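Here is a short briefing to read alongside the model. Have a look at the structure first, then walk through the points that follow.

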Amino acid sequence: MTEHQHNDNLERFFKENLERYSPTPSGDFWARMESSIPPKPSAWKGLATSFRKWAGLGLLLLVGTTVLVLWYRDKQEIERLSKQIAKQEAVASQEADVSKAAAPISSEILPEKASINGAANDVANASEVADAPVSSPNLKTAYGKKAFKQQLTASNGRAGSSGVAFKPLQEAGENQVVEKQVLAENAAKELPISEPIIDETLISQASQSMAAATVEPSDESYFDLGFIPVTDIFVSSINNHAPSVKHQKIKPFGKPYPRISVESGTTTFAMPLSRLFSGDTLYAGRVKPSYSAGLLLHYEISPSFALQGGYHFKNIRSSRMELRYHSVPFIAVHKMKMSRSISLEAETGFVVNKLINMRSYTDGLALRGRKNVWLGWQSSLNLGISMGDHVTLLTGPTVGSAISTVANGKRTWEAGLGLNLRYQF
Amino acid sequence: MIPFDEDIIRGCRKGERKAQQALYEKYKPMLFSICLRYASGWHEAEDWLQDGLVKIFTNLFQYQPTGAFGGWLRRVMVNSALEQLRKRKRSFQTVEIGEVADEFEADEELFSKYREEALVRMLQCLPEGYRTVFNLYVMEEYSHQEIGNMLGIAESASRSQLSRAKAMLRKMLEKTVGAEA
């Protein structure tokens, strides 16, 4: 205790004497001093210079990323279109093969061309006499072109069973051959050409199938023309004597909602700490780029709305100090789809910041009046660029401000640029 | 006529040389004494004063008149002195108390005529780390925890440095004027 008292006396002795001490620098001190005084300081100039540098870097990053993404997308698009074209060519080739397969039929019936021609002539004659009064059994059986076409439709159905496609035959202009084939068959069965072969069941089946035909937005046949998907309809070959249409379930565009994504990224921003420590010049110093980085869970409730939260490490810097925080954001996201691969996302929410530590690496003084926890508000507008089925690149400006006080009963703001990657499960 | 602080501040913010000189003339004893206490010699203290004044002039736009202007100036100058010490990357090594006291040249006449100057000389004889901790604790009245945060040392290290600094100063005082102090 005696020792302690002695020490206190020593401290008091030094303090009282040194506080009275009033030394004066050398006489020429001010003359030397004047030459080293800089011109009037401009806070905005320093701030603007710092921002120009980082804004330039951010812009360069943005442009570079955009170019890379667009190049990647174009590459993917070209590959997709190449596959599409190859597939279509394969289909066309198959159709051509089918047509060729049908050719022997026509060659088989060529020898009977004469008799077919005869029959055809009969038909022609029949149509010519259709309006004439019925006077003979042959003429009674004459029924005109309409009935013949119905018969032809039914026969075409039968032709399908042998692998002859409905559509290609029509397009190839080979109906004439089929007509001849049908007529030849009829002749072989010794059916009177005047007798109509109308299979009502087949016609009914065909009608039902056509009515039930479903337009299928197939991924393979998807052409991206802005918003409008152009789908093509594949009509399958005729089976079971009926021109059926390929039935498939309509696939949804991605997974159903709600769905979960993980977002990882970083934000570079500026926060003027001088607002918080304006009473202590050397605490804050010039604004330096700060950053936050972390992982967010993105919960998509609907195509246009999502919630996200997670963890970010935040490092707020000035030229003379750093403040490090655990940062937990709760963000609401509104998505606006602009095209198949581009979207605009408006985000806003709250951020809880918990101080990890502070470092004042130039003046070495401890921070007074700091808050260990403060609440902030944050908003951003992100451009979302799809980089595939699962990955989206998000970039855009972000702004925020403190809702509660950060230090010394004062608040501050922040503005920056974010770059994030989102992976959808 | 001594100008008011408000006029000095306004003038300095405009970059007026006269206002800057007025600030210097008015506060130079206080500012220079701080530099002398933290520095190890006169010339070094003048260099630090010059740096500190430049900092004051360039950062004056950040000052808000919530507290005494003199207090703000004092704080800036202390910070500036600490910054200079940091640039040197000083180490807080342990020094034998007897060594320092032995090297100290006692001058009883100086002490009796210019006590304050003699005390500053004693301070300047202390190892840098001890001197810094002593100044921060005794003169600026920071706590050991705050000193630890400022200098990047443990609180216990700050206590230890202060204790050793005081022991050295006591020895120097005893050597100069006996056991009066």
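In this predicted model, 44 residues of chain B are in contact with 36 residues of chain A (contact: C-beta atoms, placed from the backbone, within 7 Å). Local features need pLDDT of at least 70 and side-chain atom pairs count only at pLDDT 80 or more, while totals for chains, interfaces and linings use all residues. Residues are numbered from 1 along each chain as its sequence is written, with chains lettered from A in the order in which they are written.

**The side of chain B that touches chain A**
- Helix 2 of chain B gives the most, with nine residues (helices are DSSP runs of H or I, at least four residues, and strands runs of E, at least two, numbered from the N terminus).
- Other helices of chain B that each supply at least two residues include helix 3 (42–59) and helix 10 (155–177).
- By class, this side has 20 nonpolar, 13 polar and eleven charged residues (Ala, Val, Leu, Ile, Met, Phe, Trp, Tyr, Cys and Pro are nonpolar; Asp, Glu, Lys and Arg charged; the others, Gly among them, polar).

**Helices 1 and 2 of chain B**
- Among the residues that meet here are Ile8(B), Gly11(B) and Cys12(B) from helix 1, and Ala22(B) and Leu23(B) from helix 2.
- This contact comprises five nonpolar, two polar and one charged residues.

**A hairpin in chain A**
- Strand 8 (residues 373–386) and strand 9 (residues 391–402) of chain A pair in the antiparallel sense over nine bridges (pairing takes at least two DSSP bridges).
- Four residues lie between these strands of the hairpin, and Gly388(A) in the turn has a positive phi of about 145°.
- Gly376(A) stands opposite Ala402(A) in strand 9 of chain A.

Key
Contact = placed C-beta atoms within 7 Å.
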